[in-house]
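Colleague: Could you walk me through this model before I start working with it?
Modeller: Gladly; have a look at the sequence and the structure here.

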Amino acid sequence: MQALTKMTKTIGKLAKIDQTTARSENIAFARCMIEVKVGQLFPHQVFFIDEKGQKQAVPISYEWSPIQCINCRGNRHVGGQCYREQGRLLEGLEA
Ligand SMILES: [Zn+2]
């Protein structure tokens with residue numbers, strides 16, 4: 001589980017490991033709960049260096065992640081509904 005702990009550090013703090021994942025020693029699929037910060041990025045892969053010194057990518061999928069705005073990284077709205085972006089556009093029209 002050390003490898004899983006190290007890999008999840010790039011996303012957030014490992015909070016809980018699925019029982020099936022915790023019992024397995026050589027697994028192709030791991031499931032866990034990670035404590036994250038509001039507004040952070042959610043990478044879809046993490047990398048590690050294997051025993052041969054080669055960089056390996058591990059795909060990440062999320063059962064849930066917040067809806068994030070690409071303009072301001074705020075939550076609960078998407079780019080088209082961004083009040084900050086709309087404010088910038090209005091400032092541009094008034095200038
Ligand atoms: Zn926004």
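**Domains, a hairpin and a lysine**

Modeller: The protein is divided into domain 1 (1–63) and domain 2 (65–95), with bounds that come from an automatic or database domain assignment. This is a predicted model, in which local features need pLDDT of at least 70 and side-chain atom pairs count only at pLDDT 80 or more, while totals for chains, interfaces and linings use all residues. Residues are numbered from 1 along each chain as its sequence is written.

Colleague: How far apart do the C-alpha centres of the two domains lie?
Modeller: The C-alpha centres of domain 1 and domain 2 lie 31 Å apart.

Colleague: Which way do strand 3 and strand 4 run?
Modeller: Strand 3 (residues 45–49) and strand 4 run antiparallel and are joined by five bridges, where pairing requires that DSSP finds at least two bridges between the strands, and strands are DSSP runs (E, at least two residues) numbered from the N terminus. Phe 48 has Gln 56 in strand 4 as its bridge partner.

Colleague: And what about the turn of that hairpin?
Modeller: Five residues sit between the strands, and Gly 53 takes a positive phi near 80° there.

Colleague: Why does strand 4 lie largely in the open?
Modeller: Strand 4 (residues 55–59) lies largely in the open because, of its five residues, the number buried is zero; buried means 20 or more other C-beta atoms within 10 Å of a residue's own, exposed 12 or fewer, and partly exposed in between, with C-beta atoms placed from the backbone.

Colleague: New topic: is Lys 16 buried or exposed?
Modeller: Lys 16, which lies in strand 1 (residues 13–17), is exposed because 12 other C-beta atoms lie within 10 Å.

Terms used
Helix = DSSP H or I, 4+ residues; strand = E, 2+ residues; numbered from the N terminus.
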